[in-house]
Amino acid sequence: MTGVVFESLSSPPRIRVADTVGHEQTDLYTDQPCTLTPTTADFPFRVTDAVETTISGFETSKAIQVYVRDRSGRMVLSAEHDCEHSLPADDYFIELSASVKIYIEVSSSISIDANLERSRVSFDGPTRLVIGSRSPRSQPPETVTTTGDPEDLMTALSCLGEGILADSPDRSYPTIRGHPPEIALGSELEVPDNIEPHDSDVVFELPPRIDALYPAVPLVYYLDAAIEPGETPRIVADGETIYETSLEEFPSAVKEILPHVFLLDCLARRAGFYPFKIGVHERVTDDLPFAPADYYDRPLAEQLRAYLDVPFETLKPYLPQWSVTAHVEPDIEHVTAMPYLAAQLAFVECTTYPRVTGDDARKASIQAFVEGGSSATRATTDVFNEDAAFVDVSPDPRTLSDIWVGDDIPLRASEFMAEGHQNRHNREPLEERTVTVTIVCNESWMDGEAAAVEELYGTREDLPFNIRTHDGLTCDELAEVLQRDTDFFHYIGHAEPKGLQCTNGFLDIQNISSVGTDIFFLNACQSYQQAAALVEAGAIGGIATLSDVIDEPASAVGRTTARMLNQGFGLRDALSIARSRSFTGGQYLTIGDDSATFLHAESHLPNRCIVAESGNEYHLSMLPYTDQYGLGGMITPYTDSEGKRYLSGTLIGPYNLSRDELVDFLELQDVPVEFEGEFYWASDLAEELE
């Protein structure tokens, strides 16, 4: 079974294209029910499944970007919201940039009518067409096995670029960056036969030591480069050294080179299938000694040589916000984490941090803990004891979040667990596409939070939901619930390191061999150990606590996180925003695959808005997040009258709007908004401004 399913539905008539792995679906509404027949077609882009049908047109339930191409794949029309277009009869490929990518092969005239609420595509009467799609999910293609020998490590890491599907600047599109091969440790080097020996015109010469090899990972992957031994870190293109630095400066150099090259690729790729300028195009290209698009078809070595001739300071003001820094202990065992970090283009630092325990750990992590203990908490055990060692991670100011890859429990960072990533990749496509949420409240006086989050989940009109709520479960009953398939598990109650509290004792998840839970939130005191056990038993990732949490602020974190996840934010971004609203937020962390999403944003990319009032005007800016699809995606804000496209991860705006215009925008999607320094949800702010 593949990840894409086509269905003809009758009430109302529509064609549903569903990604059964990622809980994404797009409906094409038709005038009457139609018959779908599996087929094949030669599209300009990769598809995994296709069907044939006959319809006179279709409509979407929301505004989407519609691209029309000729038989060669050249774009002849790009239709945004609020537009009308017509094309004469000919052979066309239509591309729909919806939550599920859809391609349509058709021979007909085409009319497109779009507004902020829907897009309508009409043909010249009943017309035969072929609809194709592919699941956006990326799986590791193979496993490379390496020993701890430095040269074997270099060979294994040189295979990471196998996941890059283009040798042009198109590699900056997230859909072109497939997942690299997994890496395992073994007694000898083994490279699968279908991974060709590396013959790159770009080579990294690096000292044969882990603290030189690991930091190179995201750039080696992105450039599909090779690694060879050398005394000093160097980048060699076609035999010529184009960059050289010291071992001590190399990790910082990668953090400069990767975003620099990435942005220039985003400028150059407009010479390819998507001839669009991004928002900063004119401002950046005026300061460049060359036109980036001229380098689209040139060899990588030539591209890179030109890119690195541009001073880093020239592009620094325009770089997208990088997502994550991985702080990795320089041990050979952590080479298995490198493919997952590369897939996120995560910066990698090799670092050994001091450990803290007991009172020192409490002081490091609970700086805002309530003094006096008068408020109700979710446990009665000691907050910390001498048995647990904590790692005091120093966050990287250049990225939105931080991951810890190593032993012990991180403070101020997510905890990486390879099992979470492996569990995501091992998930089978779902035959039942209803989104299942399971809420367990094992303490009656916390049922207010359970009722609140139950109302928050399942508010999406574009997806079917099944909300299951349980209270007062025994250990056996909770174990049974955890073993059922569920997309999201939200636990509210007491916890201790020895287990989650039930009516007859504590359930230790370490005693459960496997769980059906994908994503979870254990909103209970000291739930870290149980969260780790959930990931080890099959979960993808979740949110847990390091210590005791006070009930009222914990409930606030729970409600905000639920709402963020329901709007399509990934775990780490949802928690980052939620804990900024609570003085106990620092006691929460994500664990497993912290980039995992529970749902996907209605607007393709989740975003956060910033609004400032100035006289009779309002200044609106927005920041689209990247966890769902990765860096390099594009967004066209509804507020942009020129239809400009902007990179995800870049602050867009400000736009000057009237009160009515701002209210209309806020009513489009219920996103988090910062207004005059205060946190709002868009729907609440719209109501207040009306």
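I began with β20 (residues 390-392), which pairs with β22 in the parallel sense over three bridges. Strands here are DSSP runs of E with at least two residues, helices are runs of H or I with at least four, and both are numbered from the N terminus. Two strands pair if DSSP finds at least two bridges between them. I found valine 391 opposite proline 410 in β22.

The model is predicted, so I noted its limits: local features need pLDDT of at least 70, side-chain atom pairs count only at pLDDT 80 or more, and totals for chains, interfaces and linings use all residues. Residues are numbered from 1 along each chain as its sequence is written, and side-chain values use heavy atoms, without hydrogens and water.

I then looked at the whole sheet. It is open, with three strands in the order β19-β20-β22 and mixed pairing. β19 (355-356) and β22 (409-411) are the edges; each has a single partner strand, so one side of each lacks a neighbour in the sheet.

Next came β13 (residues 202-206). Is it buried or exposed? Five of its five residues are buried (under 20% relative accessible area, 1.4 Å probe, protein chains only; exposed is over 50%, partly exposed in between). Val202, Phe204 and Leu206 lie on one side, Val203 and Glu205 on the other. β13 pairs with β15 (residues 234-237) in the antiparallel sense over four bridges. Phenylalanine 204 stands opposite isoleucine 235 there. β13 also pairs with β14 (residues 226-229), in the parallel sense over four bridges.

Last, I checked glutamate 690. This residue sits in the segment after α16. Glutamate 690 counts as exposed because its relative accessibility is 64%.
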